[in-house]
Amino acid sequence: MLVLLMRAQNRTIKGVDWFTVLLYLFMVGFGWVNIYAVNTDPDTLVFFDYSKEYTKQIIWIGVSFVTIGVIMLTDSKFFVEFSYVFYAITTFLLILVIFIGVEINAAKAWFQIGGMRFQPVELAKVATALAVARVMCRFQFSFNNISDILRLGSLIFLPILIIIIQNDTGSGIVLFALFIAFFREGLSPYVFVFGFVAIAVFILTMIIPNHSIILILSVSFILMVLFNRFRKEALIMSAISVVFFGIGAAIFKTAEGSVNYDVALLIAMAASSIFLAIKALLRRLPKLGVLLIFFWGTVAFTYSTDYVFEEMLGEYQRNRILVMLGLKDDPLGVGYNVNQSKIAIGSGGLMGKGFLQGTQTKFNFVPEQSTDFIFCTVGEEWGFLGTSFVVLLFVILLLRLIFLAERQHSDFSRIYGYGVASIFFFHVAVNIGMTIGLAPVIGIPLPFFSYGGSSLWGFTILLFIFLKLDTNRTQLLR
Amino acid sequence: MGNSNRAIIIGLFFGMIGLIFIIRLFVLQIVDPSYKFSAESNTQRKITEFPTRGLIYDRNGNLLVSNQPVYDVMIVPREVVPFDTVDFCNALNITRSELERLFEEVRFNLQRRRISSFRPSVFYKQLPAEQYAILQEKLYKFKGFFVQRRTVRKYEYPNAAHVLGYVAEVGETLLQSDPYYSLGDYTGISGIERTYETFLRGQKGARYVMVDVHGREMGSLRGGRMDTAAVAGSDVALTLDIELQAYGEKIMQNKIGSIVAIEPSTGEILALVSSPSYDPSLLVGRQRSRNFPILSSDTLSPLLNRAIMSGYPPGSTFKVLMALVGLQENVLTSTTRYPCHQGYTARGIHVRCRPHASPISLVPSIAVSCNTFYCHVFRNVLDNPVHGSPQEGLEQFRNYLLNFGLGTRLGSDFFNENRGFVPTRGYYDRIYNGRWGSLTVLSLGIGQGEILTTPIQMANMTAAIANRGHYFTPHVIKEIENDTIPSRFRVPHYTGIDSVHFEPVIDGMEESVWSDVGATARIARIPGISISGKTGTAQNPHGENHSIFVAFAPKDDPKIAIAVYVENAGYGSTYAAPIASLMVEKYLNRAIHPSRGWIETRMMNASFINESTE
């Protein structure tokens, strides 16, 4: 028995992807070094202080290593078979935390047991990734099947909904990253195009007046018609639009004294759309129909977001969104953090100020220094060499994960692998992007670097379940 | 499934984001230098080191003004945690409602973004040292509060408030016009604190320290190599004799008026009393905000420096000047005699005079203060045919007055001197439509009417007479440490009257004190001191006349020239003259002769302040 176990372990250790394990160990180690730097004043060097974050982090690193051992000793099939059970348990924990959790930074997302805090959302990421993989690996799964889409959608949206109720929206949004895995599994790229347009329109409604958006949409609509090789139609549409716009504007001018541009534009586009619709019906050109629906869909979306934003949201919520999108200055709030963060990173220069020499990070100019903004310490103390190296490490990790996922024989393992890569990617992109002012400030941690036990533990579990599955890559797990 | 090329797309996407980040980091960390500067201004703070203000001494080296520490209680709003307010109130010695008001102020300033919740700002200004001792022990209990030391003025004598002026926070205008000052700095607002501000203030120093986000000092920057030490302000010595000044203030208690005493040979002001006065300590530290409104709303205007600000008709003291002008203009000689039968009458105008021997010549005319004599002299000056017209004569007459420093700012070290008023020809042309003659403006000749002079101008005029023809601009600055006093105080001003003409006039002034017959100021006699003076009574349409006396002594080697004004005290001989003589005696003999003790007592006890106005 013991021999068998030893042999199983031996096989596991041999089969594990040591490259990824080394990357993991290096990142955790370097991450800890930076947490140590944040919490240490070079003038009063006390190597170990039990109340300090770096000491607690050491304990969590230990816990993570033990967990790795447990995962490696667990049969891969267990993760497949029990994925729904995990999902159920973590969903239960997510709900439970709303009732018995403690509130930190306005989010009720933490269990407190003794001196330790634990955030169930970190486990929910693992469980959701597993459950999604389980649903999608079924033989007959298809993105064209409504019930499959509904099942998959509810798997993702249920935890997101609960997490939003916890007021921890940032962590909830992370699960949307799984769409990258869906893309790999065949989800139409148009979904992303549509999502991108929706986001763009949503942001545009807040910064520019409606008639400008309608104008941009109209011009791109006509250009799309043009590039779909309907040159004549595009010309006729332009002519009709211009004429009707002129007539509309003239009527407004005489009737009301001033021109209501969006209505005039809509009249013009309605006229040319009628022309296009007739053409599409007569010539049986469904492509034009799709374009028409898409255009009027975005117009409707523009007005509805505008309505929601202006009429349904409160002043405070509106400001939060504007600040988050960088459309409004808030030097003492979110804007302050980003500015201080950029200053800290920018002051690092090429080589950095050296280990423990950062002043911005040491003197608490950057808030959430050891958690969400740990990358600032890397930037300040290790300079451009350090930051680009860390970015490179993450890119290498992500590419390695794709590589590993692609070599899986089992769909479950591959999909889960993509899920892991997607979640890591989202965290890295948003966290680093936020510190250098390229992404909105969403308080999510940088994997393996940020201080915090549950996030380190969660990321470790996320990664090592995949590495465990990878040891059985030639098997078909179902 | 044919989706493996999507793996490449995803991989490229990940790589692209990584590349964008690296480019962005390259720009942030290497290309754009602005973040490095921001980081420096973030963590490096210039802490101003305030120099101690220069000390002020009197002419004999007595320390008048020094400095004392006070403690500003600072607040970093973000760090404040709930605390025991009763304890805090006791520590600051304030009431609960005051504390609430202070917090309301902080909240208000925070909302207006005037102060930062991360950085320290003043919560409670100028806690006295005794109270600080109490607060210090409890300070650890009040998170977010700390104490910053400053120095404020400490006055060793309760005197000379008007000369010294006071120090307070800089106002908006000075803040904008002078880059030296920043908000909350102190500056001299009046008196010599204002005039010699640039010497007294010293040079601010700077200390560069590293601070954390809350502005807490985390050690000096680069070992303090960039720091500059504050340079203490220069000490100054004043020309005041603080004993004389204190004596003058004491003698003027319960009276409204002023005393200006000048050393004629230098123009140094020995005493400058404006009564009522106040203890300069009242305007120091926290008391200032409480006392200033009380002082400024007092109906007796204790903040008004009457010695340089109030214009009065000079009354009979003007006659000495009139005599000098007449002599210089050759319309009068020391032997000229005019009859006087208790007045001067011409074309329906009658100027009364007191009974005295007639006819009267120059010297006794001063001694008995004959009005008739000076009506003649005045008319002769104006109607002198060499001027062509009385109007031209008036202009000529006016020039003499200006040469004596009347009708103009003397240029002393007080910025707010009143210029007084010497009417011009144009002034009378406007009033009388150009039809007027020497008789129309006759009252000028006896120092009444439109002419207004300030006490300092009259003291200066007396000094010019004592000097037999010149004066030095009166000033209170004697020495400035490591510097020289303004050169304008060392240049003599000539009056344009030949020195020979002074002798009969000075004789008259001597007679007015010492003459056995009709001397108007015999009460001013000081045993052993040849004091010469002239009484005056300024007509006051609002009430009792003002008592005036100008004098200098000793006659042949003048050490002190003085002008005394006592409002509503009647004749110059009754109050101003004895007060002046006491001042002169005090200055020259340092003590009052026992035989004159009764005068001193009477003067000290005299009160001309209505109970109702007090």
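A:Arg184, A:Glu185, A:Glu406, A:Asp411 and A:Arg414 are joined in a network of salt bridges. The model is a predicted one, and over all its chains it holds 40 salt bridges. Side chains of opposite charge can pair when their charged atoms come close.

- A:Lys125 and A:Glu122 form a salt bridge, and their closest N and O atoms are 3.1 Å apart.
- Both residues belong to helix 6 of chain A, which covers residues 120–136. A:Lys125 and A:Glu122 are three residues apart there, about one turn of the helix.
- A:Lys125 has a relative accessible area of 3%, so this residue counts as buried, because the limit for buried is under 20%.
- A:Glu122 is also buried, and its relative accessible area is 3%.

**A salt bridge between A:Arg473 and A:Asp470**

- The side chain of A:Arg473 meets that of A:Asp470 in a salt bridge, with 3.3 Å from N to O.
- A:Asp470 is buried, at 0% relative accessibility.
- A:Arg473, at 25% relative accessibility, is partly exposed.

- In chain B, the side chains of B:Arg425 and B:Asp429 meet in a salt bridge, with a distance of 3.7 Å from N to O.
- That distance counts as a salt bridge because the cut-off is a nitrogen within 4 Å of a carboxyl oxygen.
- Helix 17 of chain B spans residues 425–432 and contains both partners. B:Arg425 and B:Asp429 are separated by about one helical turn, because they are four residues apart in this helix.
- B:Arg425 is partly exposed, with 30% relative accessible area.
- B:Asp429 is partly exposed as well, with 25% relative accessible area.

- B:Gly469 sits in a loop of chain B, between helix 18 (455–466) and strand 17 (470–472).
- This glycine is buried, and its relative accessible area is 5%.
- B:Gly469 and B:Ile497 are 28 residues apart along the chain, while their C-alpha atoms are separated by 6.0 Å.
- B:Ile497 is also one of the contacts of B:Gly469 when neighbours within four places in sequence are left aside. On that basis, B:Gly469 also touches B:Ala464, B:His493, B:Tyr494, B:Thr495 and B:Phe502.

Key
Residues are numbered from 1 along each chain as its sequence is written. Chains are lettered from A and ligands numbered from 1 in the order in which they are written. This is a predicted model: local features need pLDDT of at least 70, side-chain atom pairs count only at pLDDT 80 or more; totals for chains, interfaces and linings use all residues. Side-chain values use heavy atoms; hydrogens and water are left out. Helices (H or I, at least four residues) and strands (E, at least two) are DSSP runs, numbered from the N terminus. Buried means under 20% relative accessible area, exposed over 50%, partly exposed in between (1.4 Å probe, protein chains only). Contact means heavy atoms within 4.5 Å.
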